[in-house]
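Trainee: Hello! Could you show me how to read helix packing and nonpolar cores in a model?
Mentor: Gladly, let us look together.

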Amino acid sequence: LIKLSETNVLEGDSMDQDVESPVAIHQPKLPKQARDDLPRHVSRDRTKRKIQRYVRKDGKCNVHHGNVRETYRYLTDIFTTLVDLKWRFNLLIFVMVYTVTWLFFGMIWWLIAYIRGDMDHIEDPSWTPCVTNLNGFVSAFLFSIETETTIGYGYRVITDKCPEGIILLLIQSVLGSIVNAFMVGCMFVKISQPKKRAETLVFSTHAVISMRDGKLCLMFRVGDLRNSHIVEASIRAKLIKSKQTSEGEFIPLNQTDINVGYYTGDDRLFLVSPLIISHEINQQSPFWEISKAQLPKEELEIVVILEGMVEATGMTCQARSSYITSEILWGYRFTPVLTLEDGFYEVDYNSFHETYETSTPSLSAKELAELASRAELPLSWSVSSKLNQHAELETEEEEKNPEEQTERNGDVANLENESKV
């Protein structure tokens, strides 16, 4: 009986799971709008899952483009396509292009020699071949390499009795120059890309929220590991969070600007030593109504973008990072890393990611502003009430003693007359 009851319970649980669990809903291509209309417990289970990053910590975007039908657009921009390829594919294409062109023109040189009959008069001193000392496909292939790379060993030479060979020589020389310019330019651009320079631009592993100058602020730290500076460095931040409009439209991964000093110029950095970038949480901030207890429940991501020109090459460099809710520490500050030594400043990067706890209210910025306004209202009410009470007392005294006031006025008038006399 116990076993039967257990099996019944398991079957009942499995039936409930098939009915209520989102895993049992076999709709892999269900739109996001439809998934939002599922029962509430589905969304609760989803909040327990790990937040999927939009931008990884190393700066790479976690987005894959699928079902791209217009693939011809990649071929129209073949140069950028080759530059964006991985190094192993780029080197493979580099070798294959040169090898194919050498083999192609080598085959044509061999066909010209074969058609003219040069192969039948190899040892005939009275015969003038198209290319001297060309006795097979291997020698034709070597002559193609010498022609395209302009090596010119001097052993195989084209003669003036072969007009078709002269035309082929011109064509191969022009096409060889084009291939050299294209492939060498592609390799040069790929080598000089500032992607590796972005790896020496570091971001703190955590962002913090604490008080600064009496205001609640979101802060993170950036630094440059190299002695060469990033010229015209600027930073901006984006909040990635899905939202639903008042009309019911669902916008996945909606991007909202986070002000990190755009209006004051603080977003333009002089990145010589590590800097703490601060975002003041005010009424225009998307964190205005988020408290410490509500923060872990939010599904959001902060994408930070630092860009500028490399001082050595003058090319634009961009470094990216992101912070999810589990990487935002409420009530912490960054440990100082800059110390004054004998004649210079020293940066200790061992403490770059370290934080320490500080006293910070757990309320949201909106609630703190409301508390501050409530604390000021009773003071203003007391002052105004006291002024009103004082004015009322003066009017009551004037109404009670009108005779005394007239006597005082008469005495003052008599004194004035006496003074005139």
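This is a predicted model: local features need pLDDT of at least 70, side-chain atom pairs count only at pLDDT 80 or more; totals for chains, interfaces and linings use all residues.

Trainee: How is a pair of packed helices described?
Mentor: Two packed helices are described by the angle between their axes and the distance between the axes. Here, the axes of helix α6 (residues 87-116) and helix α8 (residues 163-191) come within 11 Å and cross at roughly 175°.

Trainee: Are α6 and α8 then roughly parallel or roughly antiparallel to each other?
Mentor: Angles over 145 degrees count as roughly antiparallel, and α6 and α8 are therefore roughly antiparallel to each other. Sorted by class, their contact has 20 nonpolar, 5 polar and 3 charged residues.

Trainee: Which residues does the UniProt annotation "transmembrane region" cover?
Mentor: That annotation, from an unreviewed entry, covers residues 91-115 and 165-189. In the model, residues 91-115 are 100% helix, with end C-alpha atoms 36 Å apart. Residues 165-189 are also 100% helix, and their end C-alpha atoms are 35 Å apart.

Trainee: And how should I think about a nonpolar core?
Mentor: In soluble globular proteins, nonpolar side chains tend to be buried together. The largest nonpolar core here has 35 residues, of which I235, F287, I302 and I328 touch the most other members. Several strands give two or more residues to this core, including β3 (215-224) and β8 (301-310), while β4 gives the most, with 5 residues.

Trainee: What does F287 touch?
Mentor: Leaving out residues up to four places away in sequence, F287 touches L218, L239, I258, H279, I281, L300 and I302.

Definitions and conventions:
Residues are numbered from 1 along each chain as its sequence is written. Side-chain values use heavy atoms; hydrogens and water are left out. A nonpolar core is a set of buried Ala, Val, Leu, Ile, Met, Phe, Trp, Tyr and Cys residues joined through side-chain atoms within 4.5 Å. Buried means under 20% relative accessible area, exposed over 50%, partly exposed in between (1.4 Å probe, protein chains only). Helices (H or I, at least four residues) and strands (E, at least two) are DSSP runs, numbered from the N terminus. Contact means heavy atoms within 4.5 Å. Axes are lines fitted to C-alpha atoms, for helices over the stretch in contact, and angles run from 0 to 180 degrees between N-to-C directions. Angles under 35 degrees count as roughly parallel, over 145 as roughly antiparallel, 65 to 115 as roughly perpendicular and the rest as oblique. Ala, Val, Leu, Ile, Met, Phe, Trp, Tyr, Cys and Pro count as nonpolar, Asp, Glu, Lys and Arg as charged, and the others, Gly among them, as polar. UniProt positions are given in the numbering used here, feature names are shortened, and annotations may be inferred rather than shown by experiment.
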